[in-house]
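Colleague: Could you take me through this model, one question at a time, with the cut-offs stated as you go?

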Amino acid sequence: GSISVTLIQAAVAWQVYAISNSALQLGLIGLVRFVPALGMSLIGGAVADSYNRRNIILMMSILLLMLPSIDRIGRALLLSVAAYGIATMAFGSSRSFVLSLIAFTAVGMADQVSVITRTMTIQFLTPDELRGRVSAVNSIFISASNQLGAVESGFVAAATNATFSVVSGGLGCLAVVGIVVARVPALRNYRTGHAMSQTYTN
């Protein structure tokens, strides 16, 4: 998952510049995934400093209880990766800056869901005595995939073109989802409730 995400991110930058030939629009696309997080962080910090933190936590806990829970976390993970691939293909095929902006926003949203569900799955499935080592290996893999993905997407874009590099990255995501669905039914059917019951039993 991390390698495919990095491949697409590197190819996206190439694609935007190839379409617009504008460094400004390239920068604006890059900000799409950053601005929402920045804005919410600033708002959250201001709220935390202005109001009683215990009351804020209580209110947020009540709000979370009102939201539907995601029990089928395996399905949520696969759907988020598939949505990432579809949005990436839409971005790669787009010749409109506005449509590209919308598609890349969807890419960022799907990526965030994927990151959260992957992290939860790793934490739930890893035994306590191995959790530190598994987290370290996962962190190393993510860091290495950034560089590998950038190199690979650069090679593909140079050998073909930026559009093919981006669209093929999206197709790669969908292919991985299809393989996992067919070959790893345990992940597709994975539920948080079952994992939590196993954790408490152990």
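Modeller: Before we start, relative accessible area under 20% is called buried, over 50% exposed, and anything in between partly exposed, with a 1.4 Å probe and protein chains only. This is a predicted model, in which local features need pLDDT of at least 70 and side-chain atom pairs count only at pLDDT 80 or more, while totals for chains, interfaces and linings use all residues. Residues are numbered from 1 along each chain as its sequence is written, and side-chain values use heavy atoms, with hydrogens and water left out.

Colleague: Is Phe 97 buried, partly exposed or exposed?

Modeller: Phe 97 has its place in helix α6, helices being DSSP runs of H or I with at least four residues, numbered from the N terminus. Because its relative accessibility is 29%, Phe 97 counts as partly exposed.

Colleague: Which backbone oxygen does the side chain of Ser 100 reach?

Modeller: Ser 100 is also found in helix α6, which covers residues 97-125, and at 6% relative accessibility it counts as buried. Its side chain is joined to that of Ser 94 by a polar contact of 3.0 Å, a term for N or O atoms within 3.5 Å, where within protein one must be able to donate a hydrogen and the other to accept it, and residues adjacent in sequence count only if both atoms are side-chain atoms. At 2.8 Å, the side chain of Ser 100 reaches the backbone oxygen of Ser 96.

Colleague: With which residue does Arg 131 form a salt bridge?

Modeller: The structure holds one salt bridge, defined as a side-chain nitrogen of Lys or Arg within 4 Å of a carboxyl oxygen of Asp or Glu. Arg 131 is partly exposed at 23% relative accessibility, whereas Asp 128 is exposed at 58%. With the closest N and O atoms 2.4 Å apart, the partner of Arg 131 is Asp 128.

Terms used: Helix = DSSP H or I, 4+ residues; strand = E, 2+ residues; numbered from the N terminus.
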